[in-house]
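Please read them with the coordinates open.

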Amino acid sequence: MAFTRRTTHVAPATAESIAAAAACLRAGGLVAMPTETVYGLAADATSDAAVAGIYAAKGRPTFNPLIAHVLDVAAARRQGAFTPEADKLAEAFWPGPLTLVAPAAPSCRVSLLARAGLDTLAIRVPAHETARALIEAAQTPLVAPSANRSGRVSPTTAAHVLADLEGRVDLILDSGPSRHGLESTIVACLVQGPTLLRPGAIAREAIEGVLQAPLAVRDKATRAPNAPGQLQSHYAPRARVRTEATDVESDEAALDFAGALAESAAAARLDLSPNGDLVEAASNLFAYLRALDETGAPRIAAAPVPHRGLGAAINDRLKRAAASREA
Ligand code: TXA
Ligand code: MG
């Protein structure tokens, strides 16, 4: 799909720039907004034309549906039909980095294009004050995928958004680096019961603690619901990524964790968390992948990261970054 060439403005998030952004959204424009997870590319969720603009700007396949962002649980319930488990999770984690997939409600106003024609809907209530102010001012649900070109690493700063989408979006609101640095955790609450579709900024253990039951995991063999965006090769930097590295080869830059590769002679080395803190590592992951890519190294060696807590989502993104793009 061809994109419309636009003049991209970047503005610090202030009352004035948020009001201008809301006017732009109501007129069908595209605005990159900070959220607590990553920067999102927002459009009016009820407008097919605006939503089509998102797919074109990102170069995103239209079979990959978008997340609707609303202000509170009441607004979410107008769009989706919540099971008792969904209610429990919404109560525990909203506003915050959890996305729930629910059957679309009869009163759902989110464009079918944004839902990729599905009869379900992904919804989240963000916590970031700029995102919240923007939804409130726009007076409509906003669909917002991560504000990167399709297949690239998600942006955690306004500069990352500009690098990927300059000339393709109308306005970028800058509120500094994203707090979590990883996308929201996605849980489907459909007839099958709660199923983890994407590990993310809320650890699976925390969700299971609230449900007091283990989450099912998406499994093609059991035909559990799928997050269509979970393509094998995703979150890909230009450099090839080698995971679970215990050494660094001469053409590699090092993505370290807790100093495991500190002794290596790597030309460039960034440590996700010298103290082995998974929350800190998550918040640095995408920015460091981009920074190592910019050194021009053809390959990146990534140190092992523990799989517990947020480590599950970090390992998921590293695995996708490493997946061959030739397939
Ligand atoms: O943290 C986040 O979730 C960020 C911020 C901007 O909110 N957004 C984000 O959106 O990561 P995106 O588009 O990059 O990822 C959305 C994921 C995709 O994998 C998509 O396939 C899945 O959500 N998804 C959307 N609607 C779905 C549905 N009805 N059923 C299953 N998966 C769905
Ligand atoms: Mg994305």
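1. Helix α2 is followed by Gly59, whose phi is positive, near 65°. Helices (H or I, at least four residues) and strands (E, at least two) are DSSP runs, numbered from the N terminus. The model is predicted: local features need pLDDT of at least 70 and side-chain atom pairs count only at pLDDT 80 or more, while totals for chains, interfaces and linings use all residues. Residues are numbered from 1 along each chain as its sequence is written, chains are lettered from A and ligands numbered from 1 in the order in which they are written, and side-chain values use heavy atoms, with hydrogens and water left out.

2. α2 itself spans residues 48–58, and eight of its 11 residues are buried, so the helix is largely enclosed by the rest of the structure. Buried means under 20% relative accessible area, exposed over 50%, and partly exposed in between (1.4 Å probe, protein chains only). The buried set consists of Ala50, Val51, Gly53, Ile54, Tyr55, Ala56, Ala57 and Lys58. These residues pack against β3 (40–44), β7 and α6 (158–165), where contact means heavy atoms within 4.5 Å.

3. On which side of helix α5 do its buried residues lie? In α5 (residues 129–138), Thr130, Ala131, Leu134, Ile135 and Ala138 are buried. They cover an arc of only 135° around the axis, which puts them on the same side of α5; the arc is that of the directions from the helix axis to the C-beta atoms. The face turned away from this buried side carries the exposed residues Glu129 and Glu136. Cover for the buried residues of α5 includes α1 (15–26), β2 (31–33), β4 (67–69), β7 (142–143) and β8 (171–174). Just after α5, Gln139 takes a positive phi of about 55°.

4. Strand β1 (residues 9–12) contains Ala11, which is buried with a relative accessible area of 16%. Leaving aside residues up to four places away in sequence, Ala11 touches Ser17, Leu171, Ile172, Leu173 and Asp174. The C-alpha atoms of Ala11 and Ala21, 10 residues apart along the chain, are separated by 9.8 Å.

5. Strand β5 is mostly covered, five of its six residues being buried. β5 runs parallel to strand β9 (residues 185–188), to which four bridges join it; two strands pair if DSSP finds at least two bridges between them. Thr185 in β9 is the bridge partner of Leu98. With strand β6 (residues 120–124), β5 pairs in the antiparallel sense, again over four bridges. In that pairing, Leu100 has Ile123 of β6 as its bridge partner.

6. An open sheet is formed by four strands in the order β12-β15-β13-β14, with parallel pairing. β12 (240–242) and β14 (269–271) stand at the edges with a single partner strand each, so one side of each is left without a neighbour in the sheet. Direction ignored, neighbouring strands are turned by 20° against each other on average. Axes are lines fitted to C-alpha atoms, for helices over the stretch in contact, and angles run from 0 to 180 degrees between N-to-C directions.

7. Within this sheet, three bridges join β12 to β15 (residues 299–302). Val241 stands opposite Ile300, and Arg242 stands opposite Ala301. β13 is joined to β15 by four bridges, and Leu255 has Ala302 in β15 as its bridge partner. Helix α8 (residues 278–294) lies across β12, β13 (252–256), β14 and β15, and runs at about 165° to β13.

8. How many aromatic pairs does the structure hold? There is one. Phe82 and Trp94 form a tilted pair, 6.0 Å centre to centre with 55° between the planes. Rings of Phe, Tyr and Trp (its six-membered ring) pair if their centres lie within 6.5 Å; planes under 30 degrees apart count as stacked, over 60 as edge-to-face and the rest as tilted. Phe82 sits in the loop between α3 (73–79) and α4 (84–93), and Trp94 in the loop between α4 and β5 (98–103), 12 residues apart. Phe82 counts as buried at 15% relative accessibility, and Trp94 is buried at 8%.

9. The charged end of Arg168 sits over the ring of Phe3, 3.6 Å from its centre. The criterion is NZ of Lys or CZ of Arg within 6 Å of the ring centre and within 35 degrees of the ring normal.
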